[in-house]
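Here is a short briefing on one protein model. Look at the fold as a whole, then at a few single residues.

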Amino acid sequence: MDTVVDTTCSIQPTLTMSTAISTVGIVQFTTDLAGVDSAYIEFGLDTSYGMQAPVDLTQPSYRTLLLGMKADHQYHYRVVVTAGNQRCTGADATLQTGSVPASLGLPTITVDTSQPDKVAKGFVLLGFFMRGPAFIIDQDGDIVWWFDSGDVTRVLESYDGQYVWTQSLNWSTGIGPMPAGTS
């Protein structure tokens, strides 16, 4: 097994925030490291990061979504690329997430536990039957993602974790459309 060696390269990230969901960051980047064979983006509330987004090297400009961020928070992020046994880490940068729109009518969720260190990290996909959007909360009960397609009847994640599917039931006919997934 080859030992990974840190090297110097240029990584130029570009960040935009989603216009549809203000807690979703979109990072694209270029690098002069030749032969990139893997990459990821570290991100979190401070420079210890804590979360990683895998980079699909087939995407134009290595376009990657940063998902799972809390509303109204500043986050740090950096790009890490590898080529063979060489690893190059980009500079720390920050982004600011937006608010959850009040018009969605989403609840404030309070997680109360006597053993907070035992709460598993992760996310829960939710929706209210026939009322409102699909949404995702993190282990703290904070809303980190939403999709307002109208009155959601059912919310499912695709088997590969790339899409969220919503369904709205038409009560008059008993059937409803299954809109295309969103990521």
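Helices (H or I, at least four residues) and strands (E, at least two) are DSSP runs, numbered from the N terminus. The model is predicted, so local features need pLDDT of at least 70, side-chain atom pairs count only at pLDDT 80 or more, and totals for chains, interfaces and linings use all residues. Residues are numbered from 1 along each chain as its sequence is written, and side-chain values use heavy atoms, with hydrogens and water left out.

**Overall fold**

- The protein has 0 helices and 14 strands.
- From the N terminus on, the elements run β-β-β-β-β-β-β-β-β-β-β-β-β-β.
- Of the 183 residues, 32% are buried. Buried means under 20% relative accessible area, exposed over 50%, and partly exposed in between (1.4 Å probe, protein chains only).
- Take the contacts between residues at least 6 apart in sequence: 48% of them join residues at least 24 apart. Contact means heavy atoms within 4.5 Å.

**The nonpolar cores**

- A nonpolar core is a set of buried Ala, Val, Leu, Ile, Met, Phe, Trp, Tyr and Cys residues joined through side-chain atoms within 4.5 Å.
- In soluble globular proteins, nonpolar side chains tend to be buried together.
- The largest core here holds 20 residues, and I41, L66 and V81 have the most contacts inside it.
- Two or more residues each come from β3 (25-31), β4 (38-44) and β7 (74-83). The most come from β7, which gives 5 residues.
- Another core lies apart from the largest one. It has 15 residues, including L106, V144, W146 and V155.

- Not counting residues up to four places away in sequence, L66 touches T23, V24, G25, V27, I41, F43, A53, Y77 and L95.
- F43 lies in strand β4. Is F43 buried or exposed? F43 is buried, with a relative accessible area of 2%.
- F43 and L66 are 23 residues apart in sequence, yet 7.9 Å apart in space, C-alpha to C-alpha.
- Beyond four places in sequence, the residues F43 touches include Y49, M51, L66, M69 and Y77.
- T64 sits in strand β6. It is buried, at 4% relative accessibility.
- The T64 side chain reaches the backbone oxygen of Y62 at 2.8 Å. This is a polar contact: a pair of N or O atoms within 3.5 Å, where, within protein, one must be able to donate a hydrogen and the other to accept it, and residues adjacent in sequence count only if both atoms are side-chain atoms.
- Further along the sequence, beyond four places, T64 touches G25, I26, V27, I41, A53, P54 and V55.

- S22 is found in the loop between β2 (11-17) and β3. Its side chain reaches the backbone oxygen of S99 at 2.8 Å.
- Leaving aside neighbours within four places in sequence, S22 is in contact with M17, T97, G98, S99 and W146.
- D32 counts as exposed, at 54% relative accessibility.
- Which residues does D32 contact, leaving aside its neighbours within four places in sequence? They are C9 and S10.
- The D32 side chain reaches the backbone nitrogen of S10 at 2.7 Å.
- D32 and C9 are 23 residues apart in sequence and 6.1 Å apart in space, C-alpha to C-alpha.

**Positive phi**

- Most residues other than glycine have a negative phi.
- Y49 has a positive phi, near 60 degrees. Y49 is in the loop between β4 and β5 (51-54), and is buried, with a relative accessible area of 8%.
- S61 also has a positive phi, near 55 degrees. S61 is in the loop between β5 and β6 (64-66), and is partly exposed, with a relative accessible area of 41%.
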